[in-house]
Amino acid sequence: MDRCGWCGKKISRGQRFCSDDCRERCERTLARDRRCIKWFLLLLAAGVLALFAGALDGQDALVGGGMLLIGSDILLFPLVTPETTALLGMRTARWLGRALGAVTMAAGVWIGWF
Ligand SMILES: [Zn+2]
């Protein structure tokens, strides 16, 4: 039994998507990801840099700011791994990615400003 690449519904072996709608959504999302990947990496690099600078310097606000940046980055561009996509379907995997981003942001605010 295979699973639909977008919604994760069980489908018969050999098929990739349960419907044309799911295939279209998946292709649109992948095309958007390809356009956005340089911004994703840029934001990620900036966030990690701020995180390390803050940690070395002992500045909680900078660490929190870095985490906030990384979290919002994941939230905006939940680029999930092919493994999670294959297991859960892209829709669920991206939802999980967004949730992870939100948690990272919350942790960043907590560390930086409380
Ligand atoms: Zn589907």
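Which residues of α4 are buried? They are Met-90, Ala-93, Arg-94, Gly-97, Gly-101, Thr-104, Gly-108 and Gly-112; buried means under 20% relative accessible area with a 1.4 Å probe, protein chains only. This is a predicted model: local features need pLDDT of at least 70, side-chain atom pairs count only at pLDDT 80 or more, and totals for chains, interfaces and linings use all residues. Residues are numbered from 1 along each chain as its sequence is written, and side-chain values use heavy atoms, leaving out hydrogens and water.

**Zinc site**
- Four cysteine SG atoms, from Cys-4, Cys-7, Cys-18 and Cys-22, are the protein donors of the zinc ion, at 2.3 to 2.4 Å; donors are N, O and S atoms within 2.8 Å of the metal (3.2 Å for Na, K and Ca).
- Cys-4 sits in the loop between β1 (2–3) and β2 (10–11) and Cys-22 in helix α1 (residues 20–57), so the pair ties together parts 18 residues apart in sequence.
- The spacing of the donors along the chain is C-x2-C-x10-C-x3-C.
- Both Cys-4 and Cys-22 are buried.

**Core and contacts**
- Cys-7 touches residues including Leu-88, Gly-89, Arg-91 and Thr-92; contact means heavy atoms within 4.5 Å.
- The largest nonpolar core has 8 residues, among them Trp-6, Phe-17 and Met-90; such a core is a set of buried Ala, Val, Leu, Ile, Met, Phe, Trp, Tyr and Cys residues joined through side-chain atoms within 4.5 Å.

**Helix α4**
- The cover over the buried residues of α4 includes α1, α2 (60–76) and α3 (82–88); helices are DSSP runs (H or I, at least four residues), and strands are E runs of at least two, numbered from the N terminus.

How values were computed
Buried means under 20% relative accessible area, exposed over 50%, partly exposed in between (1.4 Å probe, protein chains only). Lists of a residue's contacts leave out its neighbours within four places in sequence.
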